[in-house]
Amino acid sequence: MMAVVRIAGVTLLALLGWQAVVTLAELPRFILPGPGLVFTTLWTSRALITEHALVTATEVLLGLGLGAALGFASAILLAASPAARSLLRPILVFSQAVPVFALAPILTLWLGYGLLSKVAMALLIIYFPVTSSFFDALMRTPPGWLELARVMNATPARILWRIRVPAAMPGFASGLRLAAVYAPIGAIIGEWVGASRGLGYLMLLANGRAKIDLMFAALLVLAVLTLLLHASIDAACRRLWKS
Amino acid sequence: MTAAPALHLSGCATIDGAPIFGPVSVEVPRGRWTCLLGPSGVGKSTVLRLMAGLGDEVTLEGTVGAGDGAPLGARVALMAQSDLLLPWLDVTGNVTLGARLRGQPPQLDRARAVIEQVGLTGHAAKRPDALSGGQRQRVALARTLMEDRPVVLLDEPFSALDARSRALMQDLAATLLAGRTVLHVTHDAAEAARLGHNVLLMTQGGITSVPPPDGPTPRQFDAPETLEYQGRLMRLLMVAQ
């Protein structure tokens, strides 16, 4: 309850500050519109924004699901096989030296202007954090459990599946929490590079036509969507590891 | 359970060239409870780890094995200071862990009986975080019993418990593990005085056997002969280098 009051207070303060800047500096509405105007636009353009928000949400959820599944599988493969580790880890680290943003134009070229290139961007941007945090957790199983399993004559495959994977789930969860915040960034970058639908596309379009109030309205919706995604993944992870 | 073998270890152990224990000889007679008593850092746990087939990091110049010459591999159960319960499994799941890890069907009826033996009837569906420290160590004992191995290695399993829980656990373990070859590493003279059919005192100087009083174990903790023997062990620990 206290948290809700605190968040509401901070939000109100930020909105007041925003309006104060606009009023005191006498900024024109095509440079920085006040919160009142943005909320009005949000309401009047709700159909347009919803249509584009659904596209972005689809891209984000698909990218998140696929990236999480791929990261989960990769981390297990890396943890299970020293050969895979020595072969793939340098590639994985090198792939992180290439900025994912720089790949966006190429992905658009390869996969087209539609959904696929944005899903691929979201997937690429979350793949490494998910793989890396889950893999690290898989390699840090408390040694006492592993020794107990060894004395019980367990096979490595069963140790992996029955002890190391469940013990590493909190690491997978923290990877997912990061992914929830990163995936929308990937989708938006993809839309900026080339798209005809989505919140990123809408923002660029509004910006180009000096409809800054619409741009801010779309940005607000994107932020809220990201926060909701993060909160629901966080809640799901908490429930899973508690019960 | 197959017949309980004797255990022996002799030689010197090093880790990366650093000596862990000097030339020693440890004899653990079959079907008896042997306490390996000594101060921290003297290499007691290393002896136990070598017998459990663990100590990969240890270089042993000497021999370790069973008296009957057969490999110890599938004849050993281990109980450590930490209960090593898996927090995502309930009590039954933890007790039947060994079978699951070997790909065998868990014997749920036997698990229920073993859980009853350690006094945890009614707790079978609880997770470890809902149990007290003493109860958790009882689950660890149940898991050890469930393995039904002729050799049981105990690495200070009761040292983190309060005095009352510890005494109750000692009684329970002594009763339930009777007939098996037990090597019990401990730094507690009172514990060795209660439980050991044999007590081996391990110090920097080596290993000496200190014969305990006659009579059945677990010995009464306030019996004069137990206390006198405990005092003697304590004196030997104090004069050791």
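Predicted model: local features only at pLDDT ≥ 70, side-chain atom pairs only at ≥ 80, totals over all residues.
Local features were required to have pLDDT of at least 70 and side-chain atom pairs pLDDT 80 or more, whereas totals for chains, interfaces and linings use all residues. Residues are numbered from 1 along each chain as its sequence is written, chains are lettered from A, and side-chain values use heavy atoms, without hydrogens and water.

Helix H5 (residues 100-111) and helix H8 (residues 156-193) of chain A pack with their axes 9 Å apart and at an angle of about 55°. Contact (heavy atoms within 4.5 Å) involves A:Phe101, A:Ala104, A:Pro105 and A:Thr108 of H5(A), together with A:Ile185, A:Ile189 and A:Val193 of H8(A). Six of these residues are nonpolar, one is polar and none is charged.

Five aromatic pairs were found over all chains (ring centres within 6.5 Å; planes under 30 degrees apart are stacked, over 60 edge-to-face and the rest tilted). The rings of A:Phe72 and A:Phe134 are stacked, because their centres are 4.9 Å apart and their planes lie at 15°. This pair joins helix H3 (residues 46-80) to helix H6 (residues 115-138) of chain A, across 62 residues. A:Phe72 has 22% relative accessibility and so counts as partly exposed, while A:Phe134, at 0%, counts as buried (buried, under 20%; exposed, over 50%; partly exposed, in between; 1.4 Å probe, protein chains only). The rings of A:Phe134 and A:Phe172 form a tilted pair, with centres 5.1 Å apart and planes at 55°. A:Phe172 is also buried.

How values were computed. Axes fitted to C-alpha atoms, helices over the stretch in contact; angles between N-to-C directions. Helix = DSSP H or I, 4+ residues; strand = E, 2+ residues; numbered from the N terminus. Nonpolar A, V, L, I, M, F, W, Y, C, P; charged D, E, K, R; others polar. Phe/Tyr/Trp six-rings, centres within 6.5 Å; stacked < 30°, edge-to-face > 60°.
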